[in-house]
Amino acid sequence: MSSTFTTLLARDLRNLLTGAHGAGAALPLLFFLSIAMLYPFAVGPNPTMLAKTGGGVVWIAALLAAILPLDGLISRDLEMGFFDQFKLRGMSEEWVMSARLLAHWLSFGPLLILACFPASALLALEQETVRLLVLGLLAGTPGLAAMGIIIAALTASLRSGAALAGLLLIPLALPILIFGAGALGRNDPATLGFVGAISLLLVAIAPFAAGASIRAAREG
Amino acid sequence: MQASLSATDIACRRGDRLLLRGLSLDLGPGDVLQVSGANGTGKSSLLRILAGLLTPYAGQVHRVGAIGLLDEKPALDEHLPLGKALDFWSAIDGRTNPHRPADLADLMDVPVRFLSTGQRKRAALARLDAQRPKIWLLDEPLNGLDRDAIVNVGAMVDVHRRAKGICVLASHQPFPMDDIQVLDLAEYAP
């Protein structure tokens with residue numbers, strides 16, 4: 001069974017990284033970096049101001065960048081009949097969704113975390129802020145990916161699913177944003193524990209919620 | 001174990017419309033059944049019920065043997081060359097050296113999105129054939145196929161039947177094969 005998982009993961013990763021299933025890996029990354037680049041133009045190059053507010057902007061940029069890969073994340077395979085074929089081969093939806101979740105996170109999470117460094121340089125962030133940002137995104141992006149999978153699966157069979165998915169992610173991602181960005185203001189890494197806890201909970205729920213959505217879409 | 005596919009007293013509802021009711025069938029090794037009926041009478045829904053992808057409104061389905069489904073969705077990655085797209089399913093099915101039909105040999109390097117309707121159908125048939133399930137469910141297998149390809153599908157189903165497989169096909173066209181059972185869905189309309 002583990003070789004099936006690897007095969008699934010390899011296909012999902014290839015499709016998500018190259019953009020065969022939507023935005024690809026480069027687009028969210030460029031989007032993220034362009035927000036970090038635009039911000040100093042909008043508020044002025046005052047280093048104190050940038051250092052004070054920049055961390056929050058990086059969090060907002062990360063959250064918005066996580067919306068981009070949702071288009072086609074699930075709907076493309078649903079239209080093409082992949083999930084039906086998996087089911088006929090006795091592979092549970094939960095299993096398939098676990099592979100998709102891991103591939104989805106791998107295709108944008110680590111890249112966003114790496115992009116934090118050039119973004120922090122653009123915003124003149126202090127070293128301690130950068131550390132909290134990287135740790136926060138490490139704890140928060142799996143949660144964003146899990147929420148993305150759930151929302152993408154729920155909206156996969158809807159006509160304007162992609163636009164709706166983006167809109168739905170924003171309020172649901174609020175707790176991650178509050179605790180993640182909150183750690184910067186209070187300069188307290190312990191807050192990140194909450195981010196990690198929310199992420200863990202979402203990652204645990206996501207394969208089941210997304211799997212149930214796929215089954216519901218089949219009956220629809 | 002011998003393959004079998006039986007359904008008892010199936011009813012199918014889509015939305016608030018009852019499409020068919022009281023349908024029973026019992027198929028064993030070597031049986032080929034053609035489901036016929038006008039558009040919208042529930043041919044595809046019946047196949048999805050038999051496949052276990054759709055819950056019947058009433059009744060039960062019992063299957064012994066792996067199910068293979070061919071419908072209008074080819075389940076092949078559009079951007080990949082056909083050979084690579086089929087290799088994915090071979091890897092999932094655990095077939096190391098799958099049989100590839102000769103008439104697709106020229107198309108193996110062509111990305112799936114450039115294939116015509118008929119070529120896609122043939123590619124999906126190759127996927128089904130390589131999966132080697134005992135029970136074949138074919139939804140409109142002849143759509144978009146030229147005359148040679150139609151004869152080929154007939155031959156494929158014949159080979160499958162001789163290998164003690166079961167085949168249920170939904171089609172409004174005559175299927176190029178002798179000795180097949182026919183199920184007319186008009187008889188089960190409510």
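How many salt bridges are there between chain B and chain A? The count is 5 salt bridges (a side-chain nitrogen of Lys or Arg within 4 Å of a carboxyl oxygen of Asp or Glu). This is a predicted model, in which local features need pLDDT of at least 70 and side-chain atom pairs count only at pLDDT 80 or more, while totals for chains, interfaces and linings use all residues. Residues are numbered from 1 along each chain as its sequence is written, chains are lettered from A in the order in which they are written, and side-chain values use heavy atoms, without hydrogens and water.

**Interface**
- Chain B places 25 residues in contact (heavy atoms within 4.5 Å) with 23 residues of chain A.
- About 2100 Å² is buried between the two chains (accessible area, 1.4 Å probe, lost on being put together, summed over both), and carbon and sulfur atoms give 57% of that area.
- B:Leu53, B:Phe88 and B:Ile92 supply 26% of the area that chain B buries against chain A, more than any other three residues.
- In one salt bridge, B:Lys73 pairs with A:Asp84, with the closest N and O atoms 3.7 Å apart.

**Cavities**
- Residues lining the largest cavity (an atom within 4 Å of a point) include A:His21, A:Pro69 and A:Phe108.
- The second largest cavity, with about 30 Å³ of space, has B:Trp89 and B:Arg127 among its lining residues.

How values were computed. 1 Å grid on protein atoms, 1.4 Å probe; cavity = no way out; pocket = protein on both sides within 12 Å on 5 of 7 lines; lining within 4 Å. Points joined across faces, edges and corners; volume = space filled by probe spheres on them.
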